[in-house]
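Let's take a walk through this model together, one region at a time. Keep the viewer open as you read.

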Amino acid sequence: MSDFLIGIDIGTTGVKVAMFATDGQLVASAYHTHDTTYPAPDHVEQRPQDWVDGTLAGLRDVMRNSGVDAARVAGVSFSGQMMGQVPISASGELLVDSIPIWADQRAKPQAARFLNDFGGHETYYDITFQGHPVHMTSAFRMMWFAEHQPDLFAKAAKWLHAKEFVLFRLTGALATDPTDQCLGGAFDLRAGRHSAAVLDCAGLESGLFPEMIESTEIAGQITAQIGEATGLRAGTPVAVGAGDGPCAAAGSAALAEGDAYFYLGSALWGGTIETKPFGDFESRMICYRHLVPELYHSQYVSFTGAIGQQWIVENAYSELSGGEAFDTALAEASKLNEDEMLPVFLPFLRPGGAPHQHSNASGVFHGLRIEHNRAHLYKAVVMGIAQSLQVLYDDVTRVTGRQIDALTIVGGGARNPMMMQAIASGLGIPVQLLSNQESNCLAAALCAGLGVGIWPDAMAAKDSGIFHRHASFQPDPAKRDELAAAQAKFKASMQLAKQLWSLE
C-alpha cells in the first residue's frame, strides 16, 4: 500500500496545503488566503490564528478531495514564512492577536542601537551571515516588544516562527529547526547554535526559543482534536519542517553542492547550494542552513517578485478578476510590436533587500510616454522583474565563482511564459520548470517523508524521481544584444533611483 505525504506552506498571502504520492505526483491541493494589515508606518502584521484556520481548512479540503484514507497519510510537515516571532505564555496562550511579519520595519531603532553596541554590521555579519536589513530579523522585533510592550515580553515563555506556531496548535509540540533560526537574527551559522554574544547584546536568552531539531525530524503527532477537525488520523507524525527559503531550494531539486535555483513568488530570491557557510558582506549575500544537514544556501533576496505582476494586473485590469485578468494582460502585451519602446520598470514595491540594499527603495517607471497604455506598463513590469532577477543572478555567479549551465525557477511567477523567455534569453542559458509549482509544499512533504523513513536521505528521494520537469525555455540568440542594452538601461535607472531614494 503506497503512502502519501502532506506539505503545508504558510506563505505571506495565504496557506497552501498539498498532498503528494511518494513518487512526487500531486494528488490534491487547497489554498486559503489571509490578510495583512498595516496599522502604522513601518508596521506589517498578520494574525497567527489565520494561519491555523487556513491550515485546518486546507487539510479538510485535501483530505476530502483526495479520497485518500487517513491511514495512508504517512506524515505531515511545513514550509513557513521566516523572520517572524509569535509570543506564547507558559501555558501555550497566544499573547497578542496580531504580530509583525518579515516585512515589518518597526525595529530600526533597536537594530541601530544593537549594531552600535556590538561593533558594527560587519562584525554581526561575520557570525550570522545575514545580509537582510538587520531590523527585519526576529531578534530585533523581540527587542522592540521588550521596549514597547514590556508586560507582554515578560509573559512570553517562547517565541515561535510561523510554522512552529501552527505545529504547536496541530500537535502540542514545541520545536524549531536551524533554517528558521538562521533568519532569527541571533544564530551563529558556523557553530550551528545561537550566539551567546548576540543574545547578550540584544538582552535575550536562548531559553526563549523552542528546542532545535533538524528540519526532517518528527516533532509531534496530530492530536485527536485536530484529527477530528481535519480528517487526518490522530497520531499522524509531523516533522518540524523548514523556512520557506530553504524549502524553495529543496523543492526545486537543489539538493547538492553547486545546484542553483531561483524562486519567483511574492518575493524573489535565489542562489547556490554550498557545503560550508559562504557569504559576502559587501554585497550583503545571505547564507543559511539548508534543510539537508551539512549543506548551506548562499543567496540574494529581493522583497518584490511576482507580486509586482499582481500589482499591475489588479490596478490596470481591475474590471476583470482572477485568471481572466492575468490572461488578458499577457495577451495584450504579447500583441505589442517587438520594436515598441517600453518604459523601464524598477520593481521595488517593497523597501530593502537586494539588489539595491536601500531602505527607502520604491517602484519606479522611467521613460513613460503619451503613447503608452496598460499593455506597455504590464510588459514593462514583466521585463523589470526579469531584469531584477538577472541582476541577482549576475551577483551570485560573480561572488560564488560558479558557472550555471541551466536554471530551475519555481514559484507562481514561473507560470508566466513571457517572463520565463525573457529570463532565458537575458541570461543566455535554459530555464527549466517543474511539472507543478508547489515546490515549497513538495519540500515540506520531503521533510515528512525523510522523518518517517520513506527515503534514507534527500538524494535518495531525488533519485527516486519525485521531481518532474515539464518545460524548458531556450535562450533566443537574436535577442541577446537588445536585452543586454535593456539590462544596462535597467541598471543605470536603478543607480539614478538610489539618488532619489536617498533624499527621502
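Which residue in E22 is the bridge partner of Gln432? Find Gln432 and look across to E22: the partner is Ser472. Before going further, a word on what you're looking at: this is a predicted model, where local features need pLDDT of at least 70, side-chain atom pairs count only at pLDDT 80 or more, and totals for chains, interfaces and linings use all residues. Residues are numbered from 1 along each chain as its sequence is written, and side-chain values use heavy atoms, with hydrogens and water left out.

Strand E21 covers residues 431-434, and its pairing with E22 is antiparallel, over 4 bridges. Strands (E, at least two residues) and helices (H or I, at least four) are DSSP runs, numbered from the N terminus, and two strands pair if DSSP finds at least two bridges between them. Zoom out and you'll see that E21 and E22 belong to an open sheet of 7 strands, in the order E16-E17-E15-E14-E20-E21-E22, with mixed pairing. At the edges stand E16 (286-289) and E22 (469-473); each has a single partner strand, so one side of each is left without a neighbour in the sheet. On average, neighbouring strands here are turned by 30° against each other, direction ignored. A handy thing to keep in mind while you look: in a regular strand the side chains alternate between the two faces of the sheet.

E16 runs antiparallel to E17 (residues 296-302), and 4 bridges join the two. Cys287 has Ser298 in E17 as its bridge partner. E16 and E17 form a hairpin with 6 residues between the strands, and there Glu294 takes a positive phi near 70°. Another backbone spot to check is Ala253, a residue other than glycine with a positive phi, near 75°. You'll find Ala253 in the loop between helix H10 (244-251) and strand E14 (260-264). While you're looking at loops, go to the one between E18 and strand E19 (364-366), where Pro355 sits. The peptide bond from Ala354 to Pro355 is cis, with omega near 0°.

On to the helices. H13 and H14 pack with their axes 9 Å apart, at an angle of about 40°. That makes H13 oblique to H14, and the crossing is right-handed. Axes are lines fitted to C-alpha atoms, for helices over the stretch in contact, and angles run from 0 to 180 degrees between N-to-C directions. Angles under 35 degrees count as roughly parallel, over 145 as roughly antiparallel, 65 to 115 as roughly perpendicular and the rest as oblique. A crossing is right-handed if the near helix is turned clockwise from the far one by less than a right angle, and left-handed if anticlockwise. Helices H1 (residues 48-66) and H6 (residues 162-171) make another pair, with axes that come within 10 Å and cross at roughly 60°. H1 and H6 are therefore oblique to each other, and their crossing is right-handed.

Grid points are joined across faces, edges and corners, and a volume is the space filled by probe spheres set on the points.

The largest pocket has a volume of about 1,300 Å³. Its lining has 48 residues, with Thr13, Tyr263, Gly265, Ser266 and Gly412 nearest the centre. The second largest pocket has a volume of about 660 Å³. Of its 27 lining residues, Leu342, Lys379, Met383, Glu482 and Leu483 are the closest to its centre, and H17 supplies the largest share, 5 residues.

Finally, the largest cavity holds about 70 Å³ of space. Met383 and Leu483 turn up again here, among the residues of its lining. The elements giving two or more residues to this lining are H13, H14 and H17, and H13 gives the most, with 5 residues.

Definitions and conventions:
On a 1 Å grid over the protein atoms alone, a cavity is a set of points where a 1.4 Å probe fits but cannot get out, and a pocket is an open set with protein on both sides within 12 Å along at least five of seven lines; lining residues have an atom within 4 Å of a point.
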